[in-house]
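My notes follow in the order I checked them.

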Amino acid sequence: MIENTMKISEILQQDKVNLSFEFFPPKKDMPFDSVQEATEIVSKLNPAFFSITYGAAGGATHNTVKVATEVQRNLGVTALAHLTGKTLSREEVGDILSSLTEDGIQNILAIRGDLFPERAHLFKEDFLHASDLIRFIKEQGDFCVGAACYPEGHVESEDKREDIRHLKLKQEAGADFLTTQMFFDNNIFYNFMYRLRDAGVTIPIIAGIMPISAYHQIKTIEKLSGGTYPAPFIAIADKFKHHPVAFETAMLHYTCHQIIDLVANGVNNIHIYTMNKGDTARKIMNYLGEILTA
Ligand code: FAD
C-alpha cells in the first residue's frame, strides 16, 4: 500500500485553490512516452491530483491502472482512476477494484461511458447508469468515488431538471464529488451550481476547464459539452482560426482568465483537461502564479 496519498474528498475540503489535471493513457500496445512526459512535467507544478481516463477499446483497464499507479508511485501525485461501467460486468469491476486496491489507488471516477453505436458489441447490462456503478463500488470497499456532471445538460437529456434529478441519484448512491464537463462560459457554471444546490445536491463540484489548442477541436467539443461560447471566445476563434500559433496563445489566455474569474468568485476546485499537453499546463500555471495562493 502506498503511503501519503489522499482521498480526493479530503483534498477538496482544504481551504485553498486545488488545480487538478486530466490525462489519457495510450491505446492498447501503444507507447506510454507522451503521457509519461506530460505527467512528469505537470507533477512539478504542485497539482492537487491527476485523473486518468478510461477508454472503451481493448487494454483500457490495464493502461488506466498502469498510468494511475505510476503517477502515484513514481511522481507522488494522488491518482483518480476513471472507470466506465457500460462495457463491464460486475465480476470485471470487482477484479479491477482488487487491482486498484493492491496498487494503492483509492479514488475512482465512476462513469457510464458514451453509447456510441460502433461500440454496441462491447456493451453489458450490469451497470446501466453511473449511479449503479457508484453504488456497487461503494459496497466493495473504502473508495472515494466521483462522478460526472454537465452544466449545459447531458447530450441525451431532453430536460435539464431531469438531468439534475439524475445527479441527485449519484449523490444518493454514494458519490463523494462531481466533476463538470468542460464549459467556456462561467455564467453557465454559476447558474448550474445554483440549480444543483437548489435541488439538494450538496457534494463538492469540481469545475472542468479545457484549454483549446486548435480550431478543429471546437466542433468535437460542441458535441460533448453543448458548446455555448460567449462573445469573447467566438471573437478569438474567428480572428485567429487561420493562425494556429496565435490561436493557441489567445485561447490559453482565455483559459487563464476563466480560471481567474472562477477563483475570484470563490471556486476553489478546478480540473484542467490537459489532453496530455504538459507544456500547456505549465504555461497556465506560470501565468496564474500568485493568483492561486493569494
Ligand atoms: P449517466 O450518469 O448514466 O448519465 C447518462 C444519461 O442518462 C444522462 O442523460 C442522465 O440524465 C441519464 N440518467 C442517469 N441516471 C439515470 C437513471 N437512473 N434513469 C434514467 N436516466 C438516467 N467517457 C469515457 O469513455 N472515459 C472516461 O474516462 C470519461 N471521463 C469523463 C469525465 C468527466 C468529468 C465527464 C464529464 C465525462 C467523462 N466521460 C468519459 C464521458 C461520459 O462517459 C459520457 O458523458 C457518458 O455519455 C455519460 O456518462 P455518465 O457517467 O454521466 O452517465
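I started with the backbone of Gly 113: one of its polar atoms sits 3.1 Å from an oxygen atom of the ligand. The model is predicted, so I treat each distance as computed.

The side chain of His 82 places a polar atom 2.8 Å from an oxygen atom of the ligand. For His 129, I find an N or O atom of the side chain 3.0 Å from a ligand oxygen atom. I then checked cover. On its own the ligand has 980 Å² of accessible area, and the protein covers 85% of that.

Which residues are closest to the ligand? I noted Tyr 54, Asp 114, Tyr 150, Asp 163 and His 166. In total, 23 residues surround the ligand. I sorted this shell by class: ten residues are polar, eight nonpolar and five charged.

Which element gives the largest share of the shell? I found α6, with four residues. The helix α6 spans 160-173. Strands β3 (79-84) and β4 (107-111) also supply at least two shell residues each.

I moved on to the second largest pocket. I logged its volume as about 210 Å³. Its lining includes Lys 16, Val 17, Asn 18 and Leu 19. Leu 45, Asn 46 and Ala 48 are also in the lining.

How values were computed
Residues are numbered from 1 along each chain as its sequence is written. This is a predicted model: local features need pLDDT of at least 70, side-chain atom pairs count only at pLDDT 80 or more; totals for chains, interfaces and linings use all residues. Side-chain values use heavy atoms; hydrogens and water are left out. On a 1 Å grid over the protein atoms alone, a cavity is a set of points where a 1.4 Å probe fits but cannot get out, and a pocket is an open set with protein on both sides within 12 Å along at least five of seven lines; lining residues have an atom within 4 Å of a point. Grid points are joined across faces, edges and corners, and a volume is the space filled by probe spheres set on the points. A residue is near a molecule or strand if one of its heavy atoms lies within 4 Å of it. A polar contact is a pair of N or O atoms within 3.5 Å; within protein, one must be able to donate a hydrogen and the other to accept it, and residues adjacent in sequence count only if both atoms are side-chain atoms. Accessible areas come from the Shrake-Rupley method with a 1.4 Å probe; for residues, only the protein chains shown count as cover. Ala, Val, Leu, Ile, Met, Phe, Trp, Tyr, Cys and Pro count as nonpolar, Asp, Glu, Lys and Arg as charged, and the others, Gly among them, as polar.
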